[in-house]
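The report below goes through a structural model by its sheet, its helices and the contact between its chains. Please keep the sequence and the 3D view at hand while reading.

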Protein chains: 2
Amino acid sequence: MRIAVLGTGMVGRTIASKLVSLGHEVRMGSRTAGNAGAVAWADKAGAGASTGTFADAAAFGEVVFNCVNGQHTLAALQAAGAAHLDGKILLELANPLDFSKGMPPTLFVSNTDSLGEQVQRAFPGARVVKTLNTLNCELMVDPGKLPEPTDVFVSGNDAEAKAQVAAWLQDWFGWQRVIDLGDITTARGTESWLPLWIRLWGALGTANYNLRIVKG
Amino acid sequence: MRIAVLGTGMVGRTIASKLVSLGHEVRMGSRTAGNAGAVAWADKAGAGASTGTFADAAAFGEVVFNCVNGQHTLAALQAAGAAHLDGKILLELANPLDFSKGMPPTLFVSNTDSLGEQVQRAFPGARVVKTLNTLNCELMVDPGKLPEPTDVFVSGNDAEAKAQVAAWLQDWFGWQRVIDLGDITTARGTESWLPLWIRLWGALGTANYNLRIVKG
């Protein structure tokens, strides 16, 4: 499958590498063509890996992963171009973290809105599914690193897109437990998990954890 | 032990009944003496149960549970009186939920502050420990209702108070897994869990669940 991964940071590289290893054609998009990090990634990732601008990548992909950090997500998607997102499933992984006031970060959108909703409003033709934003990127692509099955979530207005994403999460990354929280407004819920996630990181001394919902 | 439970709602009644059943002397506090709900609770709960104003209860208790809803928490504690809270451990269970704009509720304080912090600032002599605000009240007092051990949290500035609360949570309610998140600012984390908790309630169709942190 042809997959766009927007963003050259740790999340983007981890997702893109995993997808290449599964035999997909993955184009990593960045603000400018020839981004050093993206080129270094593609050289190492091998066959199937390519790079380009956000627009190049989005045009190439049948499906698009947004792995740009929260503060640059809307600008990156504008650069990708609405026409290249229309009708496509957009997996939205970013969190609205604001590190400008120091640690711990605050959320620049929260409570009555979410980044997931902002993205869906800005790109009404995209089939936005908020997912995987609740845990460390190494676990995103390898949940089996943890000793018990844990949970991830999908939020979005398009039920078919969410079901497809849940199937991909299982097939590509091994997620057995994917909870459909509801429409895109439920992204407020998973983005609000970040303030607790960050404090747990401090308390546990590792980012290598996730939550498992236990139901009676 | 003499314990004050402020609040006559479901959380207060559940906590107070459990404590009475363990043989403690429990005084339930409310805005006015003779609150019908409190009196009905005390009649049913039996020996060890009594009622009074917020101030009566706080004066009586060696330890104080705040089970008043978030919007009335600060007023209730003002009515209880700083002098009756000074030096005592105050278990702060409320969440800053605002239902005035309909469902789902929003948070009236979040992100850069928390209700737990507001309480500690307003009552600097109280040893505030934010805890148990992350789950349904039936599970607060009986975590064994779930098929696997799950987690609760403590946040506060007083390490000794947090250790004491963790011991009580284990002895009184059966909590084996209590995570110390850090100082009272970490209450932002557990209060931020509510927007996800509420969406999970909708998705799972039950409030009978909790999170279990799985670490690699």
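## Conventions

Two strands are said to pair if DSSP finds at least two bridges between them, and the strands (E, at least two residues) and helices (H or I, at least four residues) are DSSP runs numbered from the N terminus. This is a predicted model, in which local features need pLDDT of at least 70 and side-chain atom pairs count only at pLDDT 80 or more, whereas totals for chains, interfaces and linings use all residues. Residues are numbered from 1 along each chain as its sequence is written, while chains are lettered from A and ligands numbered from 1 in the order in which they are written.

## The sheet of chain B

In chain B, 8 strands form an open sheet of mixed pairing, in the order S3-S2-S1-S4-S5-S8-S9-S10. Strand S3 (49–53) and S10 of chain B stand at the edges with a single partner strand each, so one side of each is left without a neighbour in the sheet. Direction ignored, neighbouring strands of this sheet are turned by 25 degrees against each other on average, where axes are lines fitted to C-alpha atoms, for helices over the stretch in contact, and angles run from 0 to 180 degrees between N-to-C directions.

Strand S9 (residues 152–155) of chain B pairs with S10(B) in the parallel sense over 4 bridges, and Phe153(B) stands opposite Ile179(B) in S10(B).

## Helices of chain A

Helix H4 (residues 70–80) of chain A has Gly70(A), Thr73(A), Ala76(A), Leu77(A) and Ala80(A) buried, a residue being buried if 20 or more other C-beta atoms, placed from the backbone, lie within 10 Å of its own. These residues cover an arc of only 100 degrees around the axis, which puts them on the same side of H4(A), the arc being that of the directions from the helix axis to the C-beta atoms. Gly81(A), which follows H4(A), has a positive phi near 100 degrees.

In helix H1 (residues 10–21) of chain A, the buried residues include Val11(A), Ile15(A) and Leu19(A). Just after H1(A), Gly23(A) takes a positive phi of about 95 degrees.

## Contact between the chains

The contact takes 37 residues from chain A and 37 residues from chain B, two residues being in contact if their C-beta atoms, placed from the backbone, lie within 7 Å. On the side of chain B that touches chain A, H9(B) gives the most, with 12 residues.

Strand S11 (residues 209–215) of chain A and S11(B) pair in the antiparallel sense over 7 bridges, with Leu211(A) opposite Ile213(B) in S11(B).

Technical notes:
Buried ≥ 20, exposed ≤ 12 C-beta atoms within 10 Å, placed from the backbone.
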